[in-house]
Amino acid sequence: MVKLTLIARVTDGLPLAEGLDDGRDQKDADFYKQQAKLLFKNLSRGHNEASRMSIETGPNFFHYIIEGRVCYLTMCDRSYPRKLIFQYLEDLKNEFERVNGDQIETAARPYAFIKFDTFIQKTKKLYQDTHTQRNLAKLNDELYEVHQIMTRNVQEVLGVGQKLDQVSEMSSRLTSESRIYADKAKDLNRQALIRKWAPVAIVIGVVLLLFWVKTKIW
C-alpha cells in the first residue's frame, strides 16, 4: 500500500508537491514526513548520490528516484513489491516533468505545484491493488528490474548526515578557536615589543626634553 508521496528539488530540498492523505494515522504520517524532509536535506547536501534507493524505516520502506535535480519519494509497507513502486515513481516523474519541467528551477515557495496532488491520487489508486491484471503484467515485465537498487536503513542514511554535520561543526569551532589564539598571540607579541622598547623610548624622550629645555634657556 502506498502511504506517502513527496516531490522535492534536490539542490535545496524545497518540497514541490505532496500526495495529500485523508487524515488517517496522522501521528505516524507526521513522523514519516519529518523523516522524508531530513532525507531531502541530506540529499541537498550531497550525502547520498544514488539516483535510485530503498530505505528501511520501521515496518515501511522509503523508495526514491532522482531525475533532473528532482527527487520523487514515496513510502509503502515492506510487503509492497519494489518493482511496482518504482514504476509508480516513474509514472509520477514522467508526468511531473511534462507538466512542470520548465518551472522547477524557478519555483521559490514550498509546494508550488500542490495541484499535482490530483495526478498523484489518481496514479496511487492504480497501484494500490497489486493483484489487478495491469499490475500483475508490470510485475512480470522482465524489461524493468530493480535488483541493483541499493537498500539501506534510515538511521544509517540520516546518521551519515549527522556525522558530517558534527565534523563540519567541529571544523568551524576549531577555525574560530584558531583565530582567537592568533589574535591573542598578536597581543602578546605587541606587549613584548612594548616592554622591550619602552625603556629606550623613555630615555630618548628624556634626552630630547633636556635638549629642548637647554636650547630654551640658552
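**Note on the predicted model: strands, helices and buried residues**

1. Strand S1 and strand S2 (residues 15-18) run antiparallel and are joined by three bridges. This is a predicted model. Across the pair, Leu6 stands opposite Glu18 in S2. Five residues lie between the two strands of the hairpin, and Gly13 takes a positive phi near 75° there.

2. S1 has another partner. Strand S5 (residues 70-77) is joined to S1 by seven bridges, and the two run antiparallel. S1 itself covers residues 2-9 and is mostly covered, with seven of its eight residues buried. In a regular strand, side chains alternate between the two faces of the sheet.

3. The overall layout comes next. The protein has five helices and six strands. Along the sequence they follow the pattern β-β-α-β-β-β-α-α-α-β-α. The protein has 218 residues, and 37% of them count as buried. Among contacts with a separation of 6 or more, 67% are between residues 24 or more positions apart.

4. Helix H3 deserves a look. It spans residues 117-128, twelve in number, and reaches 16 Å from first C-alpha to last, close to the 16 Å expected at 1.5 Å a residue. Its buried residues are Asp117, Phe119, Ile120, Thr123, Lys124 and Tyr127. They sit on the same side of H3, because they cover an arc of only 150° around the axis. An α-helix has 3.6 residues a turn, so residues three or four places apart point the same way.

5. What do the buried residues of H3 pack against? The list is S1, S2, helix H2 (82-100) and helix H4 (133-139). On the other side of H3, Thr118, Lys122 and Lys125 are exposed.

6. Is Lys93 buried or exposed? This residue is found in helix H2. Lys93 is buried, because its relative accessible area is 7%, under the 20% cut-off. Leaving aside neighbours within four places in sequence, Lys93 is in contact with Ile65, Glu67 and Tyr72. Ile66 is 27 residues from Lys93 in sequence, yet the C-alpha atoms are 8.9 Å apart in space.

7. Tyr64 lies in strand S4 (residues 60-67). With a relative accessible area of 2%, Tyr64 is under the 20% limit and so counts as buried. Between Tyr64 and Ala50 the sequence separation is 14 residues, and the C-alpha to C-alpha distance is 9.5 Å.

8. Now the cysteines. Cys71 is buried, because its 1% relative accessibility falls under 20%. Cys76 is buried too, at 0%. How many disulfides does the model hold? The count comes to zero, with a pair of cysteine sulfur atoms within 2.5 Å as the criterion.

9. Last, a record to set beside the model. An unreviewed UniProt entry lists residues 197-213 as "transmembrane region". In the model, that stretch is 100% helix and 0% strand, and its end C-alpha atoms are 24 Å apart.

Note on methods: Residues numbered from 1 in each chain as written. Predicted model: local features only at pLDDT ≥ 70, side-chain atom pairs only at ≥ 80, totals over all residues. Heavy atoms only, no water. Buried < 20%, exposed > 50% of the residue type's maximum accessible area, 1.4 Å probe, protein only. UniProt positions renumbered as here; feature names shortened; annotations may be inferred. Helix = DSSP H or I, 4+ residues; strand = E, 2+ residues; numbered from the N terminus. Pairing = 2+ DSSP bridges. Expected span 1.5 Å × (residues − 1). Arc of directions from axis to C-beta. Contact = heavy atoms within 4.5 Å.
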